Amino acid sequence: MPIVRTSGLTRNNQQLNRGIPTGGDERAADSKAPTLTQEPPFNIIGQRMPLKDAFKKVTGEGVYTDDMKFPGMLYARILRSTEVHAKIKRIDTSKAEAMPGVRAVVTGKDAPNKFGVLPVSNDETAMAIDKVIYAGEPVAAVAADSEDIAAAAVWAIEVEYEPLQAFLKPKDSLKETTPELQLHDKVDKAFPKSNIHKAVDQEFGEVTTAFKEARSTPNGTFLFDGINHGFTEPHAVLAHWDADERIILYTPQQVPHYTHRALAKVLELPMHRINVVRTMVGGGFGGKSDPFPHEMIACLLAKRTRRPIKLTMDREETFLVNRGRHPSEIKVALAFDADGKLTGMDSDALIDGGSVGSFGVVSTYYNGVLSNGPYYLPAFRYHGKRVYSNRPASGAMRGHGSVNPRYATETLMDMAAVELGLDPCELRMRNFLPENCLTPFHKFRITSNGIREGLQEVMRLSDWKNKWGKMPYGRGIGVGCGFYISGSALPIHWNKLPQSTVHLKIDMDGGITVHSLAAEIGQGSDTVLAQCVAEVLGVNMDRIHVRSQETDLAPIDLGSYSSRVTFMAGNAARDAAEKIRADLAAAASKLTGQPAKYFDFTGEKVVCRSKPSVAVTFMEALHEAQAERGALIASGCYQAPPLGTEFKGSNAGLSPSYSFSAYICELEVDPETGFVQPLKIWAAHDCGRALNPLAVEGQLEGSIHMGLGQALTEQMRYRGGQLLNGNFLDYKIPTPFETPEMEIVIVESIDPEGPFGAKECGEGGLAPIIPAVGNAIYDAVGVRMYEVPMTPDRVLRAIEDKKRLGK
Amino acid sequence: MTMLMPAFELHQPKTLDEAVKLIAAFKGDFDILSGGTDLLPNYKCGLNAHKNVISLQHIAELREIRTGKGDSPQKEKGTVPFSGLEIGGGVTLIQLERDKNVPASVRDCAHHVASPLLRESGTVGGNLMQDTRCHFFNQSYFWRRTLGYCLKADGDRCHVVPNLNEGGKNVLNTKVCVATNCSDLAPMFMVLGASVLLVGPQGSRTIPLTQMYAGDGIERFAIKRGEILAKIILPASTANWRSGWKKLAPRQSIDFSVLGVAAALELAADKSVKSLRVGLGSVDVRPVMFDYGAKSDQPAPTSYLFVDPAKAPPQVAGKKLDEALINQIADHVKTCASPKLNVPMEPAYRKKMAGVLTRRLLTELAAG
Ligand SMILES: Cc1cc2nc3c(=O)[nH]c(=O)nc-3n(C[C@H](O)[C@H](O)[C@H](O)COP(=O)(O)OP(=O)(O)OC[C@H]3O[C@@H](n4cnc5c(N)ncnc54)[C@H](O)[C@@H]3O)c2cc1C
Ligand code: SF4
């Protein structure tokens, strides 16, 4: 029985402790509770604590790439394509090169090797070669003594373009075209003459029968504008080709390891001659997880000049690099029997990938397969296509691939409830996957699942039963649910290496250094690794120093994406700490004469369980363990168990564990202006165990805020191929006024394989808010929203259409 | 990509006289800087920057708000009689929203401009004189170069109204710019009958605020370049009017209006309407005002290009401001509003909202 605990942050940051306790005894008594190496009570796990880098951030002491300066450093600027789709006839850099203060100019021909985050779509080059495929694509770059000189010099580069027909509507990209008009030479094998990057077709179960026999078959076509991560820190990198003939790249990367690989390919250097240093990351959300052209460009200029090169982008450029959520058109139909049981799903997604592949193959799968939860789905058909177009590339963004289809499904669930005369929450309850099950086709292994408890709790807190369908016109309440992976079970690069490795080093000073390449991107990964280690060794947090920056120092970790760090790197950290613990227990045994297995590690002491008076301090045990050996070191790792089944693409969506969420939103719609004002959100999320409830709440509040942006205000707007609103005035991220009070309910289902029972909480919490808003709008004014974001003009049009057409 | 501040020389005069001398000396190659929240973002985008920037920040006399009580009127001969309140052009928006002598509607209007941080720097003069806005203009150099520039900066085309109907003929590439004036304070001050004191190399003068704006997005003003807006003068005569402000914007902070509605209402003793003015912001190249109580049956001019003059304004003087009349006025406002597709939110939607907000505002004012 999962444990539910609630806490809420009001706008003035007062904490409402709802006081549902998380007593360790309850859990121990629970028969289903898994066997963990570490059973509660805990010292560190479960405590609310500020993130390790919080003080550096709020005091301004934190060093971001743009803060860094090296002697002799040059500044780089990129010349970007002013054409949407064109052949490059000629590039003449001579005028720029002749300008005083200009030290180097590079173009695409200087680095022709292709790269990309996925080995299956290595379709990017550092700069355009022969052809540009979106307005904003890097064409050349300049390094100069100052930013002003570099900025002036890029426009002194002459480029002659021959414009080509542009692909701006995804439907156009589906058509057969000439090789000249194909954006890439490699497209989906089944459509060799098109601009289709990836097509996925899956069908399982008796879909046609399900629809034939259904009592309710809600369906609709849903349109989603593209959105951008909107992280605070624009892209900024610093590269140095040093006197030892090594390249050092400072970059705020979510995945230093993939950049490391891509650099080796583009620079034609062995990986060991490259040191990627992750600097402090001012937000990522998926937008800093690809290896990027600008990283390559800085290195090329550094190689050319042998001087440190800094390349900082402005906001517009950051928007143009994009990799945000795909603009999508998703057509979905669901089938239900008379009891409200989901019997089938038929969906079709056309997603606009923009200029390059990025994570797109994964996105294409996720748009379909991540609909196989949180509900039991006995028949499933999916056709998904991702196309190339002449726009900034879409990629991975918080909730990758699951968010838009989730909106469609949850809206249709609501429609079915109305049609069948059921409460929408009740309808969902009837369909949730149980704990300890496999989904029928993809064999997603559901271990822990606290979604029922979560939904029950938010229903209770929001007074759902007295509100849904019962409030005056203009006021509404809606529900949305979801689930998400805790890391992908299979790595992008096929190899036998563990997905996470963590090294520990403890010397006589008693400080514990954790080496990992899991990237701290603001989500708290350093803190969580430190917590896992501190808990196992029974020490205070201030002993733990996390070094998670350099590929030179840290063992490989696949980085911060797909919500994998707590689960995978956390397990690796725990594994390493267990090894040190064994050494320390042996030392304590030597010092006290008690058997090693009898020792507990708590409060900076190593205590004999049966005789608590027999104890040594952590430092005593440490020094004993170090005798004739020196610093203690250990390596721990994590590799996901073999999962899934065998059909093409069957690994997409597999994860060692899944998080679940259930949200309720209450809001007001102004029926004359179409403005929507969220009033309160109750959000339950099953994260297995909250290792640090403060951080969990932060992630959920952040997810909700971000989701509200997509729900109501955020959209990337274009004029032709040009992004119209690549700045934070015109790209409408919600302000505190648009952000209502949130009450966060943490559901602890104690996952059997997560570190101390934990699973993800960084991404899954985004998707449910959007349909909760949409369904609440329906409850308020009786209209279904088929376009996201649900901007005032769209809401008003829906209200007026309903009045006019009477439906 | 070229969001770097272009080089300019900054001048910091301490008095209006000094400022005026500098203006005369630079022969057009200058800009006046007050809070800089409008000018400097445009400079960063490379929009019509000049070599000399004359800051008004150190001119103390521009930063005062004075009530008219007992003071003698401005010595300058003006067309408008002495005022109830004089607000210096350099008064910041924060100062304005906090000053108890300022009418509540104006304070409310100021309070909803931009964001707290911008209101700390942004000034009243800058707000009234701010540049017009357009999707195709408020962009980086890179962006505009990609598009091929436009009339308002570096180019020879308009992308919003590439062709127009002039005298029944379709005219391509007219030299007309329809960039939108998004000042929130302008329509608010207008309905309260504000006038402005202008000080320039040719001397000083006071004119009604309604006469300060011209009907083009590029040639925005009917005053001379280099005339400093020294004061906004609110007449005592409207001090007892009911007035209010409603703003439509995608978000409740930071954003420019996509529509602003101001109104001021004077009631006779029998509660019938004596005067009624409605001002609109962010729907046209200049702030628009309709003076429904005015003697002439013609409302104040709106955009010279797009308004349907056939739509006669409702008569309001002497009538009760009831629901029917309010609806008539709202309908008239809606019909006359002609927003363009160059700021956020669709013109058709904003036009419709002009009616809704007008009705809501007048209903509130009628209720008292
Ligand atoms: C993000 C953002 C949001 C905004 N939102 C709003 C909004 O909601 N509503 C709104 O109305 N405005 C808005 N603004 C526009 C503007 O910044 C403010 O209105 C502000 O009041 C301008 O004042 P300033 O002193 O900063 O002007 P400045 O930038 O100093 O000047 C603006 C223009 O006026 C001229 N000028 C300034 N003072 C004088 C003077 N005394 N005499 C002659 N010419 C003068 C300058 O030469 C310049 O051309 C916004 C701006 C930004 C950046
Ligand atoms: S309206 Fe003015 S600013 Fe906008 S495109 Fe036309 S000319 Fe340029």
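Student: How far apart are the centres of domain 1 and domain 2 of chain B?
Tutor: In this predicted model, the two centres are separated by 19 Å, taken over C-alpha atoms.

Student: Where do those domains sit along chain B?
Tutor: Domain 1 covers 9–55, and domain 2 is made of 60–128 + 180–238. There is also a domain 3, which covers 242–367.

Student: How many residues of domain 1 of chain B are in contact with domain 2 of chain B?
Tutor: On the domain 1 side there are 12 residues, and they are in contact with 16 residues of domain 2 of chain B.

Student: Which element gives the largest share of the domain 1 side?
Tutor: That is helix α1 (residues 16–25) of chain B, with 5 residues of the side that touches domain 2. By class, this side of domain 1 of chain B has 6 nonpolar, 5 polar and 1 charged residues.

Student: Let's look at strands. What is the strand order in the open sheet of chain B?
Tutor: The order is β1-β3-β2, and the pairing of these 3 strands is parallel. From one strand to the next, the twist averages 25 degrees.

Student: Why is one side of β1 and β2 of chain B left without a neighbour in the sheet?
Tutor: β1 (9–11) and β2 (30–33) of chain B stand at the edges and each has a single partner strand, so one side of each has no neighbour in the sheet.

Student: How many bridges join β1(B) to β3?
Tutor: There are 3 bridges between β1(B) and strand β3 (residues 52–55) of chain B, and the two run parallel.

Student: Staying with chain B, at what angle do helices α9 and α10 pack?
Tutor: Helix α9 (residues 323–336) of chain B packs with helix α10 (residues 347–367) of chain B at about 150 degrees, and their axes are 8 Å apart. The crossing of α9(B) and α10(B) is right-handed.

Student: Which residues meet there?
Tutor: From α9(B), they include B:I326, B:I329, B:A330 and B:V333. Among those from α10(B) are B:A354, B:T358, B:L362 and B:A366. The residues of this contact of α9(B) with α10(B) divide into 7 nonpolar, 4 polar and 5 charged.

Student: Over to chain A. How are α16 and α17 of chain A oriented to each other?
Tutor: Helix α16 (residues 565–592) of chain A and helix α17 (residues 618–626) of chain A pack at an angle of about 95 degrees, with axes 8 Å apart. The two helices, α16(A) and α17(A), are therefore roughly perpendicular to each other.

Student: And what makes that contact?
Tutor: The α16(A) residues include A:L584, A:A587 and A:L591, while those of α17(A) include A:A621, A:L622 and A:A625. The residues of the contact of α16(A) with α17(A) divide into 7 nonpolar, no polar and 4 charged.

Student: What separates the centres of domain 2 and domain 3 of chain A?
Tutor: Their centres are 37 Å apart, taken over C-alpha atoms. The contact takes 24 residues from domain 2 of chain A and 23 residues from domain 3 of chain A.

Student: Last one: how many residues of chain A are in contact with chain B?
Tutor: Chain A has 23 residues in contact with 22 residues of chain B. On the chain A side, the largest share is 3 residues, from α4(A). By class, the side of chain A that touches chain B has 7 nonpolar, 5 polar and 11 charged residues.

Key
Residues are numbered from 1 along each chain as its sequence is written. Chains are lettered from A and ligands numbered from 1 in the order in which they are written. This is a predicted model: local features need pLDDT of at least 70, side-chain atom pairs count only at pLDDT 80 or more; totals for chains, interfaces and linings use all residues. Axes are lines fitted to C-alpha atoms, for helices over the stretch in contact, and angles run from 0 to 180 degrees between N-to-C directions. Helices (H or I, at least four residues) and strands (E, at least two) are DSSP runs, numbered from the N terminus. A crossing is left-handed if the near helix is turned anticlockwise from the far one by less than a right angle, and right-handed if clockwise. Two residues are in contact if their C-beta atoms, placed from the backbone, lie within 7 Å. Ala, Val, Leu, Ile, Met, Phe, Trp, Tyr, Cys and Pro count as nonpolar, Asp, Glu, Lys and Arg as charged, and the others, Gly among them, as polar. Domain bounds come from an automatic or database domain assignment. Angles under 35 degrees count as roughly parallel, over 145 as roughly antiparallel, 65 to 115 as roughly perpendicular and the rest as oblique. Two strands pair if DSSP finds at least two bridges between them.
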